[in-house]
Amino acid sequence: MDGEERPMSIARGCIPVVLVGLLMVGGAFAFVAWRAGGVSKIQSEFVVNGALNLLETHALDQRPDGISETELRETFARARDAVTDDRINLDRLYTVLRDYEERYKGTKAKPSTGEMREFLTNLDGAVLPLPNVR
């Protein structure tokens with residue numbers, strides 16, 4: 001075996017090991033996604049709740065004096081609970097969150113009491129009512 005064939009044979013020997021490793025990681029990811037409720041459940045649970053958590057932190061930092069911290073936290077908690085229970089209009093929620101981000105996040109602008117109240121009302125409006133079960 002000369003010097004040029006040796007690295008090639010080592011690479012050919014590693015390919016099956018790498019492929020088996022990738023298959024195992026892919027299988028583990030598929031199992032976790034399946035147990036979590038599928039890709040849509042992962043999206044709603046982690047992505048949407050993550051966005052709500054980040055915007056809640058920003059809204060708390062920019063909170064005007066006319067809005068209590070408790071009111072703000074409760075509104076975001078209701079939205080997170082609605083996401084978990086599948087009782088939220090995701091299109092409306094995305095619109096409300098995007099509007100807030102465009103107006104206040106990354107800018108020096110601080111919302112007034114009326115603007116923050118409007119945002120919280122719109123956020124509550126994205127939550128669908130509980131079903132009337134009897």
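Predicted model: local features only at pLDDT ≥ 70, side-chain atom pairs only at ≥ 80, totals over all residues.

Residues are numbered from 1 along each chain as its sequence is written, and side-chain values use heavy atoms, with hydrogens and water left out.

**Entry 1: the elements.** I took helices (H or I, at least four residues) and strands (E, at least two) as DSSP runs, numbered from the N terminus. I found five helices and zero strands. The order from the N terminus is α-α-α-α-α.

**Entry 2: surface and contacts.** Accessible areas come from the Shrake-Rupley method with a 1.4 Å probe, and for residues only the protein chains shown count as cover. The protein exposes about 9300 Å², and carbon and sulfur atoms supply 59% of that area. I then looked at contacts (heavy atoms within 4.5 Å). Of those with a separation of 6 or more, 77% are between residues 24 or more positions apart.

**Entry 3: helix α3.** I compared the helix with its expected span (1.5 Å times one less than its number of residues). Helix α3 has 16 residues and reaches 23 Å from first to last C-alpha, close to the expected 22 Å. Its buried residues are Leu72, Thr75, Phe76, Ala79, Arg80, Ala82 and Val83. They cover an arc of only 160° around the axis, so they are on the same side of α3. The arc is that of the directions from the helix axis to the C-beta atoms.

Which residues does threonine 75 contact, leaving aside its neighbours within four places in sequence? I found Leu120, Leu123 and Asp124. Threonine 75 is in helix α3, and it counts as buried because its relative accessibility is 3%.

Entry 4: I went on to aspartate 86, in the loop between α3 (69-84) and α4 (90-104). Its phi is near 60°, a positive value in a residue other than glycine. Aspartate 86 has a relative accessible area of 63%, so it is exposed.

**Entry 5: helix α5.** The 13 residues of helix α5 (residues 113-125) should span 18 Å at 1.5 Å a residue, and the end C-alpha atoms are 18 Å apart, which agrees. Buried in α5 are Met116, Phe119, Leu120 and Leu123. Their arc around the axis is only 95°, so they sit on the same side of α5.

**Entry 6: salt bridges.** I used this rule: a side-chain nitrogen of Lys or Arg within 4 Å of a carboxyl oxygen of Asp or Glu. The structure holds seven.

- Glutamate 56 and arginine 80 have their closest N and O atoms 2.9 Å apart. The pair links distant parts of the chain, with glutamate 56 in helix α2 (residues 39-61) and arginine 80 in helix α3, 24 residues apart. Both glutamate 56 and arginine 80 are buried.
- Glutamate 69 and arginine 73 meet at 3.0 Å, N to O. They are four residues apart in helix α3, so about one helical turn separates them. Glutamate 69 is partly exposed at 37% relative accessible area, as is arginine 73 at 39%.
- Glutamate 115 and arginine 103 meet at 3.3 Å, N to O. Glutamate 115 is in helix α5 and arginine 103 in helix α4, 12 residues apart. Glutamate 115 is partly exposed at 28%, and arginine 103 is partly exposed at 43%.

Salt bridges that share partners join Glu56, Glu69, Arg73 and Arg80 into one network.

**Entry 7: aromatic pairs.** Rings of Phe, Tyr and Trp (its six-membered ring) pair if their centres lie within 6.5 Å; planes under 30 degrees apart count as stacked, over 60 as edge-to-face and the rest as tilted. The count is three aromatic pairs. The rings of phenylalanine 76 and phenylalanine 119 have centres 6.0 Å apart and planes at 45°, so the pair is tilted. Phenylalanine 76 is in helix α3 and phenylalanine 119 in helix α5, 43 residues apart. Both phenylalanine 76 and phenylalanine 119 are buried.

Tyrosine 100 and phenylalanine 119 form a tilted pair, 4.6 Å centre to centre with 35° between the planes. Ring pairs link Phe76, Tyr100, Tyr104 and Phe119 into a cluster.

How values were computed: Buried < 20%, exposed > 50% of the residue type's maximum accessible area, 1.4 Å probe, protein only.
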